[in-house]
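Student: I am new to this structure. Could you walk me through the terms used to describe it?

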Amino acid sequence: MKRYSAFAIAREAARYHSGWGRAWAAPQPKAKYDAIIVGAGGHGLATAYYLGKNFGITNVAVLEKGWLGGGNTGRNTTIIRSNYLQDASAAIYEKARSLYETMSQDLNYNVMFSPRGVIMLAQTHHEVRGYQRTAHANALQGVETQYIGPDKVKELVPIINIDGPRYPVLGGLWQPRGGTARHDAVAWGYARACSDMGMDIIQQCEVTGVRRDGDRVIGVDTTKGAIDCDKLGLVVAGHSGVLAEKAGFRLPIESLALQALVSEPIKPCMDVVVMANTVHGYMSQSDKGEMVIGGGTDGFNNYTQRGSFHHVEETVRALIETFPMISRLKMLRQWGGIVDMTGDRSPILSKTPVDGIFVNCGWGTGGFKAIPGSGWAMAELMAKGHSPLAAEFSLNRFAEGRFIDESVAAGVAH
Amino acid sequence: MLTLQCPYCGVQAEETELHAGGEAHLKRFGPGASDEDFEAYLFMRENPKGVHFERWRHVNGCGKWFHAARCTMTLEVFGTYSAQTSEPPQSIRAAISAKRPGWQWKDFA
């Protein structure tokens, strides 16, 4: 792999940029791999990357039915934070956030991590108490957050209306090292690093079946033929249930559409990420100047990557009260992704009833921020059979009643 | 936007009038059931990519719960029917078979 650097730019400028080469290879599948990861989104590629980097397992294929990073990795609102209430969530999300801090250097690929700070607005008295509690919990967990009053919110976000008639801003949970990153670059950076370690990233290769020998996985059938493997990682977000069925087990997952939208680009007006969970909308400004807006999921099972207009309308209507300035903005693009929701709205990182198959799914509406931590834990789980970060997120927590009750306890949008 | 006809009041209701209520025809397990059955009843869901049966409530209308048969891949609606039944009526199943030959959902086909 040719390293990217200021020197490389100068060298290529001197020869008309003729020597850059491909960022990752496009090989045909081999007959057998030590491990196959299904899904070349952020989580799948991060899993492969840490299998190689932390455990030296590089005979790995990452299979992708579409194109690299074309699912939820390229459809989210790029928010990174770790201000969770429960210890298990705070641990894995903070691991992820801390890995984002050095990701550009680790991967030699600019992922444009921007720790600009994230505020979660408290707009009801319930939220005030909830976020004060979360701030205390975060102090014990070693996650840097702070509960701030409305004056400080106004100072950080001058365009906000803190006296909204219906939901005034009473305070906020402030995470100064939260922020955003460029989502495509995260997938591309991991892909380039994986390819460099000799892993095969195979796009347009859909898994059509999972081959088992009794209770053990022996390989997969794909649109590019059968491929053998010792271990199989299913990291496919919205389609986790579909693949689990092919492998012969069930998941406590429902697939729903989640929408996001961006406005026309405007001059810089908001340099932090703001989440308003009572009204369920969140907004940040991209480097191009677009206001990036997201809300809650649509209500019904859906695999179409399209949502209903009235959900977009609800989100924007709610945000206009808090940000009156955006009422005249034109919205440029709107899109949807299919998210996999579990009963307790927390992810699943687990062994499965089939020996050798591991699942990483259920990230629901909050997967992007977790990508490096999720890959780190999933790689450890696949290599060693156990990972401290993943232990609480196992599949049997539903049977045992050990829910990670994050959505109820913290009242957060993921 | 999704439009469903409420089988009780006959109104063609669009989505903002309705509330989605998740999978239909769940078999309920309670005290005395095995752990596996109880877990499956509480958490495991069909979540198919294709034909799906689900509960809806005509919340901003007559307020009643009803069932709908819908395709999660195309959002096509095959029909709606009363919630006073433990399985989809034959007319709905025939309507699905006409458009999705060979479909299966749980034990129904």
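Tutor: Start with a sheet. Chain A has an open sheet of eight strands in the order β5-β6-β4-β13-β14-β15-β12-β16, with mixed pairing. This is a predicted model, in which local features need pLDDT of at least 70, side-chain atom pairs count only at pLDDT 80 or more, and totals for chains, interfaces and linings use all residues. Residues are numbered from 1 along each chain as its sequence is written, while chains are lettered from A and ligands numbered from 1 in the order in which they are written.

Student: What makes β5 and β16 of chain A stand at the edges?

Tutor: Each has a single partner strand, so one side of β5 (146-148) and one side of β16 (331-342) are left without a neighbour in the sheet. The twist averages 25° from one strand to the next. Angles run from 0 to 180 degrees between N-to-C directions, and axes are lines fitted to C-alpha atoms, for helices over the stretch in contact.

Student: How do you know that β4 and β13 of chain A are joined?

Tutor: Two strands pair if DSSP finds at least two bridges between them. Four bridges join β4 (residues 118-122) to β13 (residues 273-276) in chain A, so they pair. The two strands run parallel. A:V118 stands opposite A:V273 in β13(A).

Student: What counts as a strand or a helix here?

Tutor: Both are DSSP runs, numbered from the N terminus: helices are H or I with at least four residues, strands are E with at least two. One helix, α5 (residues 125-141) of chain A, lies across β4, β5 and β6 (171-175) of chain A. Helix α5(A) runs at about 25° to β6(A).

Student: Why is α3 of chain A called roughly perpendicular to α10 of chain A?

Tutor: The axes of α3(A) and α10 (residues 371-384) of chain A cross at roughly 110° and come within 6 Å. Angles of 65 to 115 degrees count as roughly perpendicular, under 35 as roughly parallel, over 145 as roughly antiparallel and the rest as oblique. That makes α3(A) roughly perpendicular to α10(A).

Student: Which residues of α3(A) and α10(A) make the contact?

Tutor: On α3(A), they include A:I92, A:Y93 and A:L99. On α10(A), they include A:P372, A:W376 and A:A377. Two residues are in contact if their C-beta atoms, placed from the backbone, lie within 7 Å. By class, the contact of α3(A) with α10(A) has nine nonpolar, two polar and one charged residues. Ala, Val, Leu, Ile, Met, Phe, Trp, Tyr, Cys and Pro count as nonpolar, Asp, Glu, Lys and Arg as charged, and the others, Gly among them, as polar.

Student: Why is α2 of chain A called oblique to α10 of chain A?

Tutor: The axes of α2 (residues 42-55) of chain A and α10(A) cross at roughly 55° and come within 7 Å. That makes α2(A) oblique to α10(A). Their contact has twelve nonpolar, six polar and no charged residues.

Student: What are the domains of chain A?

Tutor: The domain assignment gives domain 1 (29-82 + 84-109 + 182-252 + 344-410) and domain 2 (118-177 + 255-342) of chain A. Such bounds come from an automatic or database domain assignment. The C-alpha centres of domain 1 and domain 2 of chain A lie 27 Å apart.

Student: How many residues of the two domains of chain A are in contact?

Tutor: 26 residues of domain 1 are in contact with 26 residues of domain 2. On the domain 1 side, α3 (87-101) and α8 (240-247) of chain A each give two or more residues. The largest share, four residues, comes from α3(A).
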